[in-house]
Amino acid sequence: MDDSTKHILQRLMRRIPSQMLQTMLGKWAHLSREDLHSLDFTQPKWVLTEHLLALCEENGLRVKHITELEMIYIIENPNQGMWHGFQLLDAEEDAPSIELTQFKEQFKANLTELISHVSIKIKKHTDEAIWIRVAWGDNFTKPYHLKPTYVVHHLQTPYVFVTGLTSKYKPLLNQALVLATRYGSMKDAHLSGRNLTAIRDLLMRQYQQVFPTKNPKPLQEKNPVPRNPNIEKEQAENTENRLQMACEAFGDGTLPQLQKAVYKLETKFRDNSNKTLTGREEPFRGVVEFASTNLLESLRHCVSSGMASTPVTPLLSSITQKGRNYFVITDKGV
Amino acid sequence: MSLLKPFSKLPGLNTANILLVENEEQFQQKLADTVVLQEKTVNVNVRLARSLPLPMENEESRPRIDLVVFIIHLTSELSFQSAETSLKYLDPGYFQGKVCFLVTSARNVSVPPERLVSVRKLAASLHCPLLCAEDQTTEGVTTAAHRLLAILKVAAGLVPMATGLYLSTLTRCTVPSDIDQQNFE
């Protein structure tokens with residue numbers, strides 16, 4: 001095992017938290033049962049790393065095995081780093097019938113044609129998602145494994161989720177994906193966040209949605225609090241309406257965890273009390289950013305408690321309706 | 001205009017009705033639960049609202065409101081403004097001892113002191129008492145409920161020899177003339 005491989009393994013060991021180490025190595029299945037038993041997981045991590053390095057040397061493991069371990073770790077814990085959503089457009093006739101082996105071959109062939117030194121690993125996860133790990137090199141250097149790109153794609157859906165992609169390799173990955181999935185092009189869905197499941201649920205509308213009804217009933221509470229007959233709410237109908245509108249705009253139950261919503265303004269300044277800025281020809285550029293640990297939950301609470309006025313402004317509800325969190329607002333609309 | 005009138009309905013026997021008006025609708029629920037639990041001798045009904053005017057649909061079923069309490073959170077300017085606009089929908093008969101202001105977070109350092117000054121001036125101009133309450137702890141909620149119940153019983157006429165007007169002359173908020181030049185020495 002050469003130095004760079006050892007380095008990759010050491011970095012990976014530092015990244016995996018100690019509690020998960022045993023399960024990860026178990027899933028990896030490149031160490032024999034006796035080897036795995038010989039590792040003492042109560043020791044400090046650096047001791048464990050040395051021991052593991054020695055075992056890998058013995059078994060003659062190489063880079064591709066180490067990267068498998070990394071992939072297993074990332075698949076189990078996908079909510080790190082920044083994930084970006086992309087949408088595939090202009091499906092051709094055979095796009096819905098692509099199946100796994102065809103996709104794998106096509107993707108690998110396309111990408112290696114575009115750039116000769118790449119390391120590609122494709123794995124199908126239990127929930128029908130295809131995980132692709134790409135380590136990029138260029139025409140003269142070997143692939144660099146310390147900054148890989150991960151791609152998640154659900155076959156037969158037009159959505160792709162990517163993390164760790166630099167702008168240098170973006171067009172290459174785009175082209176390979178587009179050709180392999182038999183679509184016409186790929187565009188940025190303008191949705192990004194730290195939580196992969198949240199982004200996926202939002203784009204594929206897999207959260208609990210509430211649809212407008214002609215005869216609205218108040219949303220049934222799961223555990224209705226026994227009401228004291230002496231206490232009565234005067235404006236209960238308003239409260240129910242607000243809650244209904246908030247849930248229609250954002251969803252019911254647990255919402256996907258988004259961290260940010262960014263609105264880039266390119267509109268003209270319009271405030272009559274400020275004479276210096278109003279009436280200029282160029283747009284007043286500004287950026288409004290909403291940040292929270294769970295943005296959709298906060299927005300829903302703002303609407304249901306009356307802090308934000310109802311009906312919900314389409315600027316906020318388009319986060320869920322269009323599945324984006326980056327908007328450019330011009331004078332003609334969003 | 002749909003004004004809330006104090007004497008347009010008959011009172012109930014041994015009953016007192018209190019209306020809690022709060023823009024945020026948070027503290028009023030806790031206060032309502034505590035008030036109803038604390039009072040054993042008198043039948044207390046609590047009505048909760050976000051702002052005035054109250055909806056017309058409840059006009060028939062609503063009992064006579066003996067005390068209107070405006071809960072103002074000093075941490076939010078909107079809270080104060082909402083209370084101010086709601087005041088317009090009260091019949092002037094209420095301001096003779098049947099209105100009370102309750103502020104929270106008066107001790108909070110991040111609250112601009114001018115807000116408390118404006119609330120005091122408002123309460124003083126309307127001859128109403130101003131209570132400060134602590135809404136984060138159960139003792140704070142219990143104390144506030146206790147004080148509100150004391151004023152409520154007088155306002156509902158359940159305390160002999162005391163009326164709301166008498167009590168309000170004793171408890172109404174006053175503003176010292178030098179309040180605008182606050183200095184802490």
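**The nonpolar core and its surroundings**

In this predicted model, the largest nonpolar core has 55 residues, and those with the most contacts inside it are Trp28(A), Leu52(A), Trp83(A), Trp131(A), Phe161(A), Phe250(A) and Ile319(A). A nonpolar core is here a set of buried Ala, Val, Leu, Ile, Met, Phe, Trp, Tyr and Cys residues joined through side-chain atoms within 4.5 Å; buried means under 20% relative accessible area, exposed over 50%, and partly exposed in between, with a 1.4 Å probe and protein chains only. The greatest contribution to this core, 7 residues, comes from α5(A). Apart from it lies another core, of 28 residues, including Val46(B), Ile71(B), Cys100(B) and Leu131(B).

Residues are numbered from 1 along each chain as its sequence is written, while chains are lettered from A and ligands numbered from 1 in the order in which they are written. Local features need pLDDT of at least 70, side-chain atom pairs count only at pLDDT 80 or more, totals for chains, interfaces and linings use all residues, and side-chain values use heavy atoms, with hydrogens and water left out.

Helix α2(A) spans residues 18-28, and its buried residues are Leu21(A), Met24(A), Leu25(A) and Trp28(A). They lie on the same side of α2(A) because they cover an arc of only 95° around the axis, the arc being that of the directions from the helix axis to the C-beta atoms. Helices (H or I, at least four residues) and strands (E, at least two) are DSSP runs, numbered from the N terminus. The buried residues of α2(A) pack against α1 (3-15), α3 (33-38), α4 (45-59) and α5 (63-76) of chain A, where contact means heavy atoms within 4.5 Å. Just after α2(A), Ala29(A) has a positive phi of about 65°.

Strand β4(A), residues 149-154, has 6 of its 6 residues buried. Thr149(A), Val151(A) and His153(A) point one way, whereas Tyr150(A), Val152(A) and His154(A) point the other way. Strand β3(A), residues 129-136, runs antiparallel to β4(A) and is joined to it by 6 bridges; two strands pair if DSSP finds at least two bridges between them. Ile130(A) has His153(A) as its bridge partner. On pairing with β5(A), residues 159-163, β4(A) is again antiparallel, over 4 bridges, and Val151(A) stands opposite Val162(A). The β4(A)–β5(A) hairpin has 4 residues between its strands, and Gln156(A) in the turn has a positive phi of about 70°.
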